[in-house]
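User: Hi! Could you walk me through this structure, one question at a time?

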Amino acid sequence: MLHDRVLVDPEIDRAERQSSAGLVIPATASGPKRLTWARVVAQGEHVRQVAVGDRVLYDPEDRAEVDLGGTDYVLLRERDVHAVAEVSGEAGTTGLYL
């Protein structure tokens, strides 16, 4: 990986979602633009805020897809990452920083 690039493995989006009130939202329903979570698998030498193994939030419309060994990955710039979730070592909880 070069410069400030981050290679991520996107999480598989479920066909249906469930709202906090318990309503099932079908995959065909169009709504507001949603950000997507992914796991970082590689990073460039100038990446400062993201580490391999972190879970990151990004916009699925601003991406470049690449196929490596039969697996689809997404190539992002570090500035295109909206948030990073890290697992803290103490209680196994997730901390989210924007």
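User: Where does glycine 53 sit relative to the strands?

Analyst: Happy to start there. This is a predicted model, in which local features need pLDDT of at least 70 and side-chain atom pairs count only at pLDDT 80 or more, while totals for chains, interfaces and linings use all residues. Residues are numbered from 1 along each chain as its sequence is written, and side-chain values use heavy atoms, with hydrogens and water left out. Strands (E, at least two residues) and helices (H or I, at least four) are DSSP runs, numbered from the N terminus, and on that basis glycine 53 belongs to the loop between β4 (36–43) and β5 (55–58).

User: Is glycine 53 buried, partly exposed or exposed?

Analyst: The classes rest on relative accessible area: buried is under 20%, exposed is over 50%, and partly exposed is in between (1.4 Å probe, protein chains only). Glycine 53 has a value of 35%, so the class for glycine 53 is partly exposed.

User: Which residues does glycine 53 contact, leaving aside its neighbours within four places in sequence?

Analyst: Contact here means heavy atoms within 4.5 Å. With neighbours within four places left aside, the contacts of glycine 53 are Arg39 and Val40.

User: How far is the C-alpha atom of glycine 44 from that of leucine 2?

Analyst: Glycine 44 is also found in the loop between β4 and β5. Its relative accessibility is 5%, so glycine 44 counts as buried. Glycine 44 and leucine 2 are 42 residues apart along the chain, and their C-alpha atoms are separated by 4.6 Å.

User: How many helices and strands does the chain have?

Analyst: Reading along the sequence gives the pattern β-β-β-β-β-β-β-β-β. The count for the chain is zero helices and nine strands.

User: What share of the contacts with a separation of 6 or more comes from residues 24 or more positions apart?

Analyst: Let's take burial on the way: of the 98 residues in the chain, 23% are buried. Among contacts with a separation of 6 or more, the share from residues 24 or more positions apart is 56%.

User: How many salt bridges are there in the whole structure?

Analyst: The rule asks for a side-chain nitrogen of Lys or Arg within 4 Å of a carboxyl oxygen of Asp or Glu. One of the pairs is glutamate 11 with arginine 55, at 2.7 Å from N to O. That pair links distant parts of the chain, with glutamate 11 in the loop between β1 and β2 (17–18) and arginine 55 in strand β5, 44 residues apart. The search of the whole structure finds three.

User: Which residues are linked in a network of salt bridges?

Analyst: Start with aspartate 4, which is buried at 19% relative accessible area. Its side chain meets that of arginine 5 in a salt bridge at 3.1 Å, N to O, and that of arginine 77 in a salt bridge at 3.3 Å, N to O. The second pair spans 73 residues, from aspartate 4 in the segment before β1 (5–10) to arginine 77 in strand β7. The linked residues are Asp4, Arg5 and Arg77.

User: Which side chain of opposite charge is nearest to glutamate 78?

Analyst: Lys and Arg count as positive and Asp and Glu as negative, while His and the chain ends are not counted. Glutamate 78, in the loop between β7 (71–77) and β8 (81–87), is buried yet has no salt bridge. Its contacts beyond four places in sequence include Asp4, His46 and Val50. The nearest side chain of opposite charge, 5.2 Å away, is that of arginine 48.

User: Which backbone nitrogen does the side chain of glutamate 78 reach?

Analyst: The distance for this approach is 2.6 Å. The backbone nitrogen belongs to glutamine 49.

User: Over which ring does the charged end of arginine 55 sit?

Analyst: A charge sits over a ring if NZ of Lys or CZ of Arg is within 6 Å of the ring centre and within 35 degrees of the ring normal. Arginine 55 is partly exposed, with a relative accessible area of 25%. Its charged end is 4.3 Å from the centre of the ring, which is that of tryptophan 37.

Technical notes. Polar contact = N/O pair within 3.5 Å; in protein donor to acceptor, adjacent residues only side chain to side chain.
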